[in-house]
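Please look over the model below before reading on. The paragraphs after it go from the whole chain to single residues.

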Amino acid sequence: IPSKYRPQAIRDAQQALTDYLHCTRYIPFVYAEHIAKNSFFSLSSLISGINFSTTSFNRNVLRFLRYHPINEYEFFFESIGIDYEEVGGLLPSKKFFFSEDETVLEAACALSGFGFPWNKLGKLYKEEILIFKASSKELKARLFKIKECGFSNIPVIGICLAFPYVLRGGGVNELGGEIVALLNDLKRVFLDFDLGNHVEDNVDAWYEICRKIRVFYDLGCEKGKIGELIGRNKNLFLRYPEEVLVSKIEYFSRFLVPKEDIGMLILQNPEILDSDLETPMISVMGMLKHFGLSVEKRDSVAKEYPYVLGRNKMTNLPNVMRALNLHKWLFDRIKNGNHRLLPNYTLNDDEDLDKGFRDSFEKIQFSRTPAHTMEKLMFLHRVGFGENSLTMKVLTHVHGTGSELQERFDSLLGLGFEFSKLCRIVHMTPKVLNQRPETVERKVNFLCHEMGVSLDYLDIFPAFLCFNLEKRIKPRYRFHKWLMENGLCTRNYSIASIVATGEKSFIARLGRIHPDALNEWFENFSYKESDNSIQD
(Lines give C-alpha, C1' and ligand atoms only; values in the text may rest on other atoms or scores of the structure.)
Protein backbone atom coordinates (compact mmCIF):
# COMPACT_ATOMS: atom_id res chain seq x y z
CA ILE A 1 0.00 0.00 0.00
CA PRO A 2 1.56 3.34 -1.01
CA SER A 3 2.42 5.41 2.05
CA LYS A 4 0.04 8.25 1.18
CA TYR A 5 -2.90 5.81 1.13
CA ARG A 6 -2.05 3.92 4.32
CA PRO A 7 -4.18 6.09 6.68
CA GLN A 8 -7.15 5.61 4.34
CA ALA A 9 -6.46 1.87 4.13
CA ILE A 10 -6.42 1.56 7.93
CA ARG A 11 -9.67 3.53 8.25
CA ASP A 12 -11.35 1.38 5.58
CA ALA A 13 -10.09 -1.81 7.22
CA GLN A 14 -11.28 -0.67 10.66
CA GLN A 15 -14.74 0.02 9.27
CA ALA A 16 -14.80 -3.32 7.48
CA LEU A 17 -13.70 -5.18 10.61
CA THR A 18 -16.30 -3.35 12.70
CA ASP A 19 -19.04 -4.34 10.23
CA TYR A 20 -17.78 -7.93 10.13
CA LEU A 21 -17.68 -8.31 13.94
CA HIS A 22 -21.09 -6.65 14.37
CA CYS A 23 -23.06 -8.00 11.42
CA THR A 24 -21.46 -11.41 10.95
CA ARG A 25 -20.17 -12.28 14.44
CA TYR A 26 -23.03 -10.51 16.30
CA ILE A 27 -20.80 -8.52 18.64
CA PRO A 28 -22.54 -5.32 19.87
CA PHE A 29 -21.55 -2.43 17.63
CA VAL A 30 -19.82 -0.29 20.27
CA TYR A 31 -17.53 -3.19 21.33
CA ALA A 32 -16.89 -4.27 17.74
CA GLU A 33 -15.77 -0.71 17.07
CA HIS A 34 -13.50 -0.72 20.15
CA ILE A 35 -11.81 -3.91 18.93
CA ALA A 36 -11.36 -2.65 15.36
CA LYS A 37 -10.01 0.77 16.33
CA ASN A 38 -7.54 -0.49 18.94
CA SER A 39 -5.89 -3.42 17.16
CA PHE A 40 -3.54 -1.62 14.76
CA PHE A 41 -0.85 -4.29 14.42
CA SER A 42 -3.26 -7.22 14.05
CA LEU A 43 -5.21 -5.22 11.48
CA SER A 44 -2.05 -4.22 9.61
CA SER A 45 -1.00 -7.85 9.43
CA LEU A 46 -4.46 -8.79 8.12
CA ILE A 47 -4.57 -6.25 5.29
CA SER A 48 -0.97 -6.80 4.17
CA GLY A 49 -2.16 -9.67 1.99
CA ILE A 50 -5.24 -7.95 0.52
CA ASN A 51 -5.18 -6.11 -2.80
CA PHE A 52 -5.48 -2.36 -2.24
CA SER A 53 -7.88 -0.12 -4.15
CA THR A 54 -8.67 3.50 -3.36
CA THR A 55 -12.31 2.95 -4.22
CA SER A 56 -13.13 -0.57 -3.06
CA PHE A 57 -10.70 -1.52 -0.29
CA ASN A 58 -13.46 -1.69 2.32
CA ARG A 59 -15.33 -4.23 0.18
CA ASN A 60 -12.09 -6.15 -0.50
CA VAL A 61 -11.49 -6.54 3.25
CA LEU A 62 -15.08 -7.66 3.88
CA ARG A 63 -14.84 -10.18 1.04
CA PHE A 64 -11.57 -11.49 2.49
CA LEU A 65 -13.10 -11.86 5.98
CA ARG A 66 -16.01 -13.91 4.63
CA TYR A 67 -13.64 -16.63 3.44
CA HIS A 68 -10.77 -16.16 5.92
CA PRO A 69 -12.13 -15.96 9.49
CA ILE A 70 -9.82 -14.19 11.93
CA ASN A 71 -8.75 -15.23 15.42
CA GLU A 72 -11.04 -12.87 17.31
CA TYR A 73 -9.05 -13.24 20.53
CA GLU A 74 -5.91 -11.89 18.85
CA PHE A 75 -7.64 -8.65 17.88
CA PHE A 76 -9.40 -8.45 21.25
CA PHE A 77 -6.23 -8.80 23.36
CA GLU A 78 -4.40 -6.13 21.39
CA SER A 79 -7.42 -3.84 21.55
CA ILE A 80 -7.57 -3.91 25.37
CA GLY A 81 -4.01 -2.62 25.57
CA ILE A 82 -1.85 -5.74 25.67
CA ASP A 83 1.41 -5.38 23.74
CA TYR A 84 1.15 -7.06 20.34
CA GLU A 85 4.35 -9.03 21.02
CA GLU A 86 2.70 -10.60 24.09
CA VAL A 87 -0.61 -11.46 22.47
CA GLY A 88 0.54 -14.77 20.99
CA GLY A 89 1.28 -16.18 24.45
CA LEU A 90 -2.21 -15.35 25.70
CA LEU A 91 -4.30 -16.86 22.92
CA PRO A 92 -6.48 -19.78 24.07
CA SER A 93 -5.68 -23.07 22.39
CA LYS A 94 -8.14 -24.38 19.81
CA LYS A 95 -10.42 -21.35 20.12
CA PHE A 96 -10.83 -18.70 17.43
CA PHE A 97 -14.27 -17.24 18.04
CA PHE A 98 -15.92 -15.58 21.03
CA SER A 99 -18.91 -17.85 20.45
CA GLU A 100 -16.73 -20.74 21.68
CA ASP A 101 -16.23 -18.99 25.05
CA GLU A 102 -17.94 -15.66 25.61
CA THR A 103 -16.76 -15.17 29.20
CA VAL A 104 -13.78 -12.93 28.39
CA LEU A 105 -15.76 -10.67 26.06
CA GLU A 106 -18.71 -10.47 28.46
CA ALA A 107 -16.41 -9.40 31.30
CA ALA A 108 -14.80 -6.74 29.11
CA CYS A 109 -18.21 -5.44 28.05
CA ALA A 110 -19.39 -5.25 31.66
CA LEU A 111 -16.28 -3.29 32.69
CA SER A 112 -16.53 -1.01 29.68
CA GLY A 113 -20.20 -0.40 30.45
CA PHE A 114 -19.22 0.77 33.95
CA GLY A 115 -16.83 3.29 32.39
CA PHE A 116 -13.46 1.52 32.15
CA PRO A 117 -11.48 2.69 29.09
CA TRP A 118 -11.47 -0.26 26.68
CA ASN A 119 -7.77 0.05 25.88
CA LYS A 120 -6.82 -0.12 29.58
CA LEU A 121 -8.58 -3.40 30.35
CA GLY A 122 -5.37 -5.25 29.48
CA LYS A 123 -3.87 -4.02 32.76
CA LEU A 124 -6.57 -5.94 34.60
CA TYR A 125 -6.22 -9.03 32.40
CA LYS A 126 -2.44 -9.31 32.79
CA GLU A 127 -2.47 -8.86 36.55
CA GLU A 128 -5.69 -10.63 37.53
CA ILE A 129 -6.91 -12.97 34.80
CA LEU A 130 -9.62 -14.31 37.14
CA ILE A 131 -11.51 -11.03 36.65
CA PHE A 132 -12.25 -12.13 33.09
CA LYS A 133 -13.62 -15.48 34.21
CA ALA A 134 -16.36 -13.84 36.26
CA SER A 135 -19.83 -13.22 34.93
CA SER A 136 -21.00 -9.69 34.18
CA LYS A 137 -23.42 -9.95 37.11
CA GLU A 138 -20.60 -10.81 39.52
CA LEU A 139 -18.41 -7.97 38.26
CA LYS A 140 -21.19 -5.41 38.59
CA ALA A 141 -21.84 -6.60 42.15
CA ARG A 142 -18.16 -6.16 43.09
CA LEU A 143 -17.97 -2.71 41.49
CA PHE A 144 -21.06 -1.48 43.33
CA LYS A 145 -19.68 -2.94 46.57
CA ILE A 146 -16.64 -0.68 46.17
CA LYS A 147 -18.92 2.28 45.35
CA GLU A 148 -20.66 1.74 48.69
CA CYS A 149 -17.44 2.89 50.38
CA GLY A 150 -18.30 6.37 49.16
CA PHE A 151 -16.65 6.51 45.75
CA SER A 152 -18.22 7.45 42.42
CA ASN A 153 -17.55 5.53 39.18
CA ILE A 154 -14.37 7.34 38.10
CA PRO A 155 -12.52 6.88 41.43
CA VAL A 156 -13.62 3.22 41.49
CA ILE A 157 -12.13 2.73 38.01
CA GLY A 158 -8.86 4.38 39.04
CA ILE A 159 -8.68 2.20 42.16
CA CYS A 160 -9.37 -1.01 40.20
CA LEU A 161 -6.79 -0.22 37.53
CA ALA A 162 -4.13 0.42 40.18
CA PHE A 163 -5.23 -2.45 42.46
CA PRO A 164 -6.78 -5.07 40.13
CA TYR A 165 -7.06 -7.65 42.90
CA VAL A 166 -10.03 -5.73 44.38
CA LEU A 167 -12.09 -7.26 41.55
CA ARG A 168 -10.77 -10.79 42.08
CA GLY A 169 -12.92 -13.55 43.52
CA GLY A 170 -16.27 -12.83 45.15
CA GLY A 171 -17.64 -9.64 46.63
CA VAL A 172 -15.57 -7.47 48.94
CA ASN A 173 -16.92 -9.16 52.03
CA GLU A 174 -15.98 -12.58 50.67
CA LEU A 175 -12.40 -11.51 49.94
CA GLY A 176 -11.69 -10.83 53.56
CA GLY A 177 -9.28 -8.58 55.34
CA GLU A 178 -6.81 -7.56 52.65
CA ILE A 179 -9.30 -5.78 50.37
CA VAL A 180 -11.32 -4.33 53.23
CA ALA A 181 -8.13 -2.94 54.80
CA LEU A 182 -7.05 -1.39 51.50
CA LEU A 183 -10.45 0.21 50.89
CA ASN A 184 -10.47 1.56 54.45
CA ASP A 185 -7.10 3.20 53.81
CA LEU A 186 -8.29 4.68 50.52
CA LYS A 187 -11.51 5.93 52.08
CA ARG A 188 -9.47 7.59 54.84
CA VAL A 189 -7.14 9.21 52.29
CA PHE A 190 -9.61 10.35 49.63
CA LEU A 191 -12.65 11.14 51.75
CA ASP A 192 -11.57 11.89 55.32
CA PHE A 193 -8.42 13.78 54.32
CA ASP A 194 -10.10 15.16 51.21
CA LEU A 195 -7.41 14.12 48.74
CA GLY A 196 -10.18 13.19 46.29
CA ASN A 197 -11.20 16.82 45.83
CA HIS A 198 -7.68 17.64 44.62
CA VAL A 199 -7.74 14.99 41.87
CA GLU A 200 -9.08 15.86 38.41
CA ASP A 201 -12.34 14.10 37.58
CA ASN A 202 -10.98 11.71 34.93
CA VAL A 203 -9.77 8.13 34.91
CA ASP A 204 -6.14 8.93 34.04
CA ALA A 205 -5.76 11.32 37.00
CA TRP A 206 -7.28 8.84 39.47
CA TYR A 207 -5.24 5.97 38.07
CA GLU A 208 -2.07 8.04 38.41
CA ILE A 209 -2.71 9.00 42.04
CA CYS A 210 -3.65 5.41 42.95
CA ARG A 211 -0.49 4.09 41.29
CA LYS A 212 1.58 6.35 43.53
CA ILE A 213 -0.24 5.04 46.59
CA ARG A 214 0.30 1.47 45.43
CA VAL A 215 4.06 2.06 45.36
CA PHE A 216 4.06 2.03 49.17
CA TYR A 217 1.98 -1.13 49.47
CA ASP A 218 4.32 -2.83 47.01
CA LEU A 219 7.17 -1.91 49.35
CA GLY A 220 5.45 -3.91 52.09
CA CYS A 221 3.60 -1.20 54.02
CA GLU A 222 0.66 -2.86 55.76
CA LYS A 223 -2.80 -2.31 54.33
CA GLY A 224 -5.13 -0.69 56.82
CA LYS A 225 -2.25 0.87 58.78
CA ILE A 226 -0.97 3.75 56.64
CA GLY A 227 -4.15 5.53 55.53
CA GLU A 228 -3.76 8.34 58.05
CA LEU A 229 -0.05 8.78 57.30
CA ILE A 230 -0.77 8.99 53.55
CA GLY A 231 -3.59 11.43 54.19
CA ARG A 232 -1.45 13.73 56.35
CA ASN A 233 1.17 13.80 53.60
CA LYS A 234 -1.21 14.05 50.65
CA ASN A 235 0.91 16.74 48.98
CA LEU A 236 3.50 14.03 48.32
CA PHE A 237 1.04 12.40 45.92
CA LEU A 238 -0.11 15.66 44.35
CA ARG A 239 3.29 17.25 43.89
CA TYR A 240 5.71 14.53 42.88
CA PRO A 241 5.54 12.37 39.72
CA GLU A 242 5.70 8.62 40.16
CA GLU A 243 9.14 8.62 38.48
CA VAL A 244 10.57 10.74 41.31
CA LEU A 245 9.14 8.35 43.90
CA VAL A 246 10.53 5.31 42.11
CA SER A 247 13.99 6.86 41.60
CA LYS A 248 14.33 7.67 45.32
CA ILE A 249 13.11 4.21 46.28
CA GLU A 250 15.65 2.63 43.94
CA TYR A 251 18.37 4.81 45.49
CA PHE A 252 17.63 3.74 49.07
CA SER A 253 17.05 0.12 48.00
CA ARG A 254 20.75 -0.06 47.19
CA PHE A 255 21.44 0.15 50.92
CA LEU A 256 19.98 -3.40 51.09
CA VAL A 257 17.50 -2.56 53.84
CA PRO A 258 13.88 -3.73 54.24
CA LYS A 259 11.71 -2.13 51.58
CA GLU A 260 9.03 -1.30 54.12
CA ASP A 261 11.58 0.88 55.96
CA ILE A 262 12.21 2.79 52.73
CA GLY A 263 8.49 3.35 52.25
CA MET A 264 8.05 4.63 55.80
CA LEU A 265 11.12 6.89 55.46
CA ILE A 266 9.61 8.62 52.43
CA LEU A 267 6.07 8.75 53.83
CA GLN A 268 7.24 10.29 57.09
CA ASN A 269 9.75 12.64 55.45
CA PRO A 270 8.41 13.54 51.97
CA GLU A 271 10.81 16.50 51.72
CA ILE A 272 13.56 13.97 51.02
CA LEU A 273 12.12 13.73 47.49
CA ASP A 274 13.43 17.26 46.85
CA SER A 275 17.01 16.21 47.59
CA ASP A 276 19.53 15.84 44.77
CA LEU A 277 21.02 12.44 45.51
CA GLU A 278 22.71 12.06 42.13
CA THR A 279 25.10 14.85 41.15
CA PRO A 280 26.81 16.31 44.30
CA MET A 281 30.36 15.21 45.07
CA ILE A 282 31.11 13.86 48.54
CA SER A 283 34.16 13.08 50.63
CA VAL A 284 33.78 9.57 52.02
CA MET A 285 35.50 10.43 55.29
CA GLY A 286 33.69 13.76 55.43
CA MET A 287 30.32 12.01 55.02
CA LEU A 288 31.13 9.55 57.81
CA LYS A 289 32.04 12.46 60.08
CA HIS A 290 28.92 14.38 58.98
CA PHE A 291 26.71 11.46 60.09
CA GLY A 292 28.48 11.08 63.43
CA LEU A 293 30.85 8.13 63.08
CA SER A 294 33.36 8.27 65.92
CA VAL A 295 37.02 9.20 65.39
CA GLU A 296 38.15 5.71 66.41
CA LYS A 297 35.87 4.04 63.87
CA ARG A 298 36.88 6.48 61.14
CA ASP A 299 40.52 5.63 61.83
CA SER A 300 39.67 1.94 61.58
CA VAL A 301 37.89 2.55 58.25
CA ALA A 302 40.92 4.40 56.89
CA LYS A 303 43.20 1.48 57.71
CA GLU A 304 40.87 -1.29 56.53
CA TYR A 305 39.39 0.28 53.39
CA PRO A 306 41.90 2.80 51.96
CA TYR A 307 40.74 2.09 48.39
CA VAL A 308 37.25 3.44 49.23
CA LEU A 309 38.45 6.76 50.61
CA GLY A 310 38.67 10.06 48.75
CA ARG A 311 35.90 11.66 46.75
CA ASN A 312 32.96 10.06 45.01
CA LYS A 313 29.50 11.04 43.74
CA MET A 314 26.44 11.12 45.97
CA THR A 315 24.71 8.70 43.56
CA ASN A 316 27.33 6.08 44.49
CA LEU A 317 26.93 6.57 48.27
CA PRO A 318 24.90 3.34 48.84
CA ASN A 319 27.61 1.20 47.26
CA VAL A 320 30.37 3.20 48.97
CA MET A 321 28.76 2.32 52.28
CA ARG A 322 28.33 -1.31 51.24
CA ALA A 323 32.03 -1.42 50.36
CA LEU A 324 32.73 -0.17 53.92
CA ASN A 325 30.11 -2.55 55.36
CA LEU A 326 28.42 0.50 56.91
CA HIS A 327 25.32 0.66 54.69
CA LYS A 328 22.87 -0.42 57.37
CA TRP A 329 24.43 1.93 59.91
CA LEU A 330 24.06 4.91 57.58
CA PHE A 331 20.48 4.06 56.60
CA ASP A 332 19.53 3.70 60.27
CA ARG A 333 20.98 7.16 60.89
CA ILE A 334 18.95 8.56 57.97
CA LYS A 335 15.78 6.76 59.09
CA ASN A 336 16.03 7.77 62.72
CA GLY A 337 15.67 11.50 62.30
CA ASN A 338 18.85 12.42 60.42
CA HIS A 339 17.48 12.46 56.85
CA ARG A 340 18.19 16.19 56.52
CA LEU A 341 21.91 15.49 56.85
CA LEU A 342 21.94 14.12 53.29
CA PRO A 343 20.86 17.31 51.45
CA ASN A 344 22.69 19.51 54.00
CA TYR A 345 26.08 17.94 53.30
CA THR A 346 28.55 20.22 51.52
CA LEU A 347 32.03 19.51 50.19
CA ASN A 348 34.77 22.11 50.55
CA ASP A 349 36.71 22.93 47.40
CA ASP A 350 40.02 21.55 48.67
CA GLU A 351 38.63 18.75 50.83
CA ASP A 352 39.94 15.22 50.35
CA LEU A 353 41.80 15.84 47.09
CA ASP A 354 44.23 13.04 46.22
CA LYS A 355 47.20 14.29 44.20
CA GLY A 356 48.08 10.81 42.91
CA PHE A 357 44.55 10.36 41.61
CA ARG A 358 44.51 13.80 39.98
CA ASP A 359 47.82 13.23 38.21
CA SER A 360 46.67 9.85 36.85
CA PHE A 361 43.30 11.33 35.87
CA GLU A 362 44.98 14.01 33.77
CA LYS A 363 47.06 11.38 31.99
CA ILE A 364 43.85 9.54 31.03
CA GLN A 365 42.64 12.64 29.16
CA PHE A 366 45.72 12.48 26.90
CA SER A 367 45.81 8.69 26.53
CA ARG A 368 45.03 6.76 23.37
CA THR A 369 41.60 5.57 24.59
CA PRO A 370 40.32 8.14 27.14
CA ALA A 371 36.60 7.28 26.76
CA HIS A 372 37.21 3.55 27.29
CA THR A 373 39.40 4.16 30.34
CA MET A 374 36.92 6.64 31.83
CA GLU A 375 34.15 4.07 31.44
CA LYS A 376 36.18 1.59 33.49
CA LEU A 377 36.92 4.26 36.10
CA MET A 378 33.23 5.11 36.39
CA PHE A 379 32.53 1.43 37.04
CA LEU A 380 35.04 1.38 39.90
CA HIS A 381 33.48 4.50 41.41
CA ARG A 382 30.01 2.93 41.07
CA VAL A 383 30.99 -0.10 43.15
CA GLY A 384 32.56 2.03 45.86
CA PHE A 385 36.17 2.75 44.90
CA GLY A 386 37.04 6.36 45.68
CA GLU A 387 39.21 8.99 44.01
CA ASN A 388 42.57 7.75 45.26
CA SER A 389 45.83 6.37 43.87
CA LEU A 390 44.90 2.78 44.88
CA THR A 391 41.86 2.95 42.60
CA MET A 392 44.11 4.03 39.73
CA LYS A 393 46.35 1.00 40.32
CA VAL A 394 43.31 -1.27 40.11
CA LEU A 395 42.24 0.55 36.94
CA THR A 396 45.46 -0.38 35.13
CA HIS A 397 44.84 -4.11 35.72
CA VAL A 398 41.16 -4.51 34.82
CA HIS A 399 40.25 -5.15 31.19
CA GLY A 400 36.95 -4.88 29.37
CA THR A 401 34.26 -2.27 28.95
CA GLY A 402 32.49 -0.72 31.91
CA SER A 403 29.36 -2.78 31.23
CA GLU A 404 31.40 -6.01 30.96
CA LEU A 405 33.13 -5.30 34.26
CA GLN A 406 29.77 -4.58 35.89
CA GLU A 407 28.37 -7.85 34.55
CA ARG A 408 31.35 -9.80 35.94
CA PHE A 409 31.10 -8.03 39.30
CA ASP A 410 27.37 -8.74 39.53
CA SER A 411 27.91 -12.39 38.61
CA LEU A 412 30.35 -12.74 41.52
CA LEU A 413 27.77 -11.20 43.86
CA GLY A 414 25.30 -13.74 42.50
CA LEU A 415 27.67 -16.55 43.47
CA GLY A 416 27.43 -15.48 47.10
CA PHE A 417 30.28 -13.02 47.59
CA GLU A 418 29.61 -10.27 50.13
CA PHE A 419 29.83 -6.83 48.54
CA SER A 420 32.46 -5.51 50.95
CA LYS A 421 34.62 -8.62 50.64
CA LEU A 422 34.33 -8.62 46.86
CA CYS A 423 35.57 -5.03 46.69
CA ARG A 424 38.55 -6.05 48.83
CA ILE A 425 39.24 -8.99 46.49
CA VAL A 426 39.13 -6.65 43.47
CA HIS A 427 41.52 -4.30 45.27
CA MET A 428 43.95 -7.13 46.08
CA THR A 429 43.58 -9.09 42.82
CA PRO A 430 42.02 -6.91 40.09
CA LYS A 431 42.51 -9.60 37.42
CA VAL A 432 39.60 -11.49 38.99
CA LEU A 433 37.37 -9.20 36.90
CA ASN A 434 39.12 -10.06 33.63
CA GLN A 435 37.42 -13.45 33.25
CA ARG A 436 34.09 -14.50 31.82
CA PRO A 437 31.39 -15.07 34.48
CA GLU A 438 30.99 -18.74 33.55
CA THR A 439 34.76 -19.31 33.97
CA VAL A 440 34.75 -17.91 37.49
CA GLU A 441 31.58 -19.81 38.35
CA ARG A 442 33.24 -23.13 37.46
CA LYS A 443 36.19 -22.30 39.71
CA VAL A 444 33.94 -21.30 42.59
CA ASN A 445 31.88 -24.49 42.20
CA PHE A 446 35.05 -26.60 42.24
CA LEU A 447 36.34 -24.76 45.34
CA CYS A 448 33.11 -25.12 47.29
CA HIS A 449 31.86 -28.53 46.14
CA GLU A 450 34.92 -30.69 45.37
CA MET A 451 37.47 -28.99 47.60
CA GLY A 452 34.90 -28.42 50.34
CA VAL A 453 36.01 -24.88 51.14
CA SER A 454 33.79 -21.85 51.71
CA LEU A 455 34.05 -18.57 49.82
CA ASP A 456 35.62 -17.02 52.91
CA TYR A 457 38.89 -18.72 51.95
CA LEU A 458 39.17 -16.30 49.03
CA ASP A 459 39.60 -13.47 51.54
CA ILE A 460 43.01 -15.03 52.20
CA PHE A 461 43.85 -16.29 48.72
CA PRO A 462 41.84 -14.33 46.11
CA ALA A 463 44.41 -15.18 43.42
CA PHE A 464 42.92 -18.70 43.38
CA LEU A 465 40.34 -17.36 40.93
CA CYS A 466 43.07 -16.33 38.47
CA PHE A 467 44.60 -19.77 37.96
CA ASN A 468 43.54 -22.07 35.14
CA LEU A 469 41.00 -24.59 36.40
CA GLU A 470 41.79 -27.45 34.00
CA LYS A 471 45.55 -26.98 33.71
CA ARG A 472 46.46 -26.06 37.25
CA ILE A 473 43.76 -26.24 39.95
CA LYS A 474 42.08 -29.59 39.20
CA PRO A 475 45.17 -31.72 38.45
CA ARG A 476 47.19 -30.42 41.38
CA TYR A 477 44.39 -30.69 43.93
CA ARG A 478 43.38 -34.17 42.79
CA PHE A 479 47.00 -35.35 42.87
CA HIS A 480 47.46 -33.96 46.38
CA LYS A 481 44.32 -35.78 47.43
CA TRP A 482 45.67 -39.02 45.89
CA LEU A 483 48.94 -38.60 47.80
CA MET A 484 47.07 -38.15 51.09
CA GLU A 485 44.74 -41.10 50.47
CA ASN A 486 47.69 -43.41 49.70
CA GLY A 487 49.74 -42.30 52.68
CA LEU A 488 52.53 -40.92 50.51
CA CYS A 489 52.31 -37.42 51.98
CA THR A 490 51.84 -36.70 55.67
CA ARG A 491 51.85 -32.92 55.31
CA ASN A 492 48.54 -31.27 54.45
CA TYR A 493 49.55 -28.43 52.15
CA SER A 494 47.35 -25.36 51.95
CA ILE A 495 45.34 -24.67 48.80
CA ALA A 496 47.52 -21.64 48.15
CA SER A 497 50.65 -23.79 48.36
CA ILE A 498 49.16 -26.46 46.11
CA VAL A 499 47.94 -24.04 43.43
CA ALA A 500 50.29 -21.05 43.50
CA THR A 501 53.67 -22.82 43.71
CA GLY A 502 55.64 -22.41 40.47
CA GLU A 503 55.98 -25.39 38.14
CA LYS A 504 59.68 -26.07 38.86
CA SER A 505 59.22 -25.78 42.63
CA PHE A 506 56.15 -28.01 42.47
CA ILE A 507 58.04 -30.75 40.57
CA ALA A 508 60.94 -30.50 43.00
CA ARG A 509 58.53 -30.86 45.92
CA LEU A 510 57.05 -34.02 44.43
CA GLY A 511 60.51 -35.54 44.15
CA ARG A 512 61.08 -34.90 47.85
CA ILE A 513 57.71 -36.32 48.87
CA HIS A 514 58.20 -39.80 47.34
CA PRO A 515 60.25 -41.35 44.54
CA ASP A 516 57.12 -42.66 42.78
CA ALA A 517 55.23 -39.37 43.03
CA LEU A 518 56.76 -37.83 39.91
CA ASN A 519 55.91 -40.79 37.69
CA GLU A 520 52.32 -40.87 38.97
CA TRP A 521 51.97 -37.13 38.40
CA PHE A 522 53.17 -37.17 34.81
CA GLU A 523 51.36 -40.36 33.85
CA ASN A 524 47.94 -39.84 35.44
CA PHE A 525 47.39 -36.29 36.67
CA SER A 526 49.34 -33.57 34.90
CA TYR A 527 47.68 -31.65 32.09
CA LYS A 528 48.92 -33.24 28.89
CA GLU A 529 49.19 -30.14 26.71
CA SER A 530 51.88 -27.50 27.15
CA ASP A 531 51.34 -25.77 30.47
CA ASN A 532 53.00 -22.49 29.56
CA SER A 533 49.91 -20.45 30.49
CA ILE A 534 48.74 -21.23 34.00
CA GLN A 535 46.42 -18.27 34.37
CA ASP A 536 43.15 -17.42 32.58
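What percentage of the 536 residues of the protein chain count as buried? The figure is 47%. The model is a predicted one, and every value here is computed from it.

The secondary structure of the protein chain consists of 32 helices and two strands. Its radius of gyration is 33 Å, whereas the globule rule gives 24 Å for 536 residues, so the chain is more spread out than a compact globule. Along the principal axes, the C-alpha atoms fill a box of roughly 95 × 60 × 55 Å. If contacts in the protein chain are limited to residues at least 6 apart in sequence, 71% of them join residues at least 24 apart.

The surface and the charges can be described briefly. The protein chain has an accessible surface of about 26,100 Å², and carbon and sulfur atoms account for 49% of that area. There are 69 positive and 69 negative side chains, and 2 Å separates the centres of the two sets.

Helix α29 covers residues 469-485. Its buried residues include Leu469, Arg472, Ile473, Arg476, Phe479, His480 and Leu483. An α-helix has 3.6 residues a turn, so residues three or four places apart point the same way. The buried set also takes in Lys474, Pro475 and Tyr477. What do the buried residues of α29 pack against? Their partners are α28 (437-450), α30 (495-500), α31 (503-513) and α32 (517-525).

At the N-terminal end, asparagine 468 caps α29, with a side-chain oxygen 3.0 Å from the backbone nitrogen of glutamate 470. After α29 comes glycine 487, which has a positive phi near 70 degrees.

Two other residues can be examined in the same way. Asparagine 336 belongs to helix α21, which spans residues 327-338. Is asparagine 336 buried or exposed? Its relative accessible area is 53%, so asparagine 336 counts as exposed, the cut-off for that class being over 50%. A polar atom of the asparagine 336 side chain lies 2.9 Å from the backbone oxygen of aspartate 332. Between the C-alpha atoms of asparagine 336 and proline 164, 172 residues apart along the chain, the separation is 35 Å.

Glutamate 304 is in helix α19, residues 295-304. With a relative accessible area of 37%, glutamate 304 is partly exposed. Leucine 324 is 20 residues from glutamate 304 in sequence, and their C-alpha atoms are 8.6 Å apart in space.

Methods: Residues numbered from 1 in each chain as written. Predicted model: local features only at pLDDT ≥ 70, side-chain atom pairs only at ≥ 80, totals over all residues. Heavy atoms only, no water. Helix = DSSP H or I, 4+ residues; strand = E, 2+ residues; numbered from the N terminus. Rg over C-alpha atoms; globule rule 2.2 N^0.38 Å. Buried < 20%, exposed > 50% of the residue type's maximum accessible area, 1.4 Å probe, protein only. Contact = heavy atoms within 4.5 Å. Areas by Shrake-Rupley, 256 points an atom, 1.4 Å probe, with all protein chains shown as cover. Lys, Arg positive; Asp, Glu negative; His and termini not counted. Charge placed at Lys NZ, Arg CZ, Asp CG, Glu CD. Polar contact = N/O pair within 3.5 Å; in protein donor to acceptor, adjacent residues only side chain to side chain.
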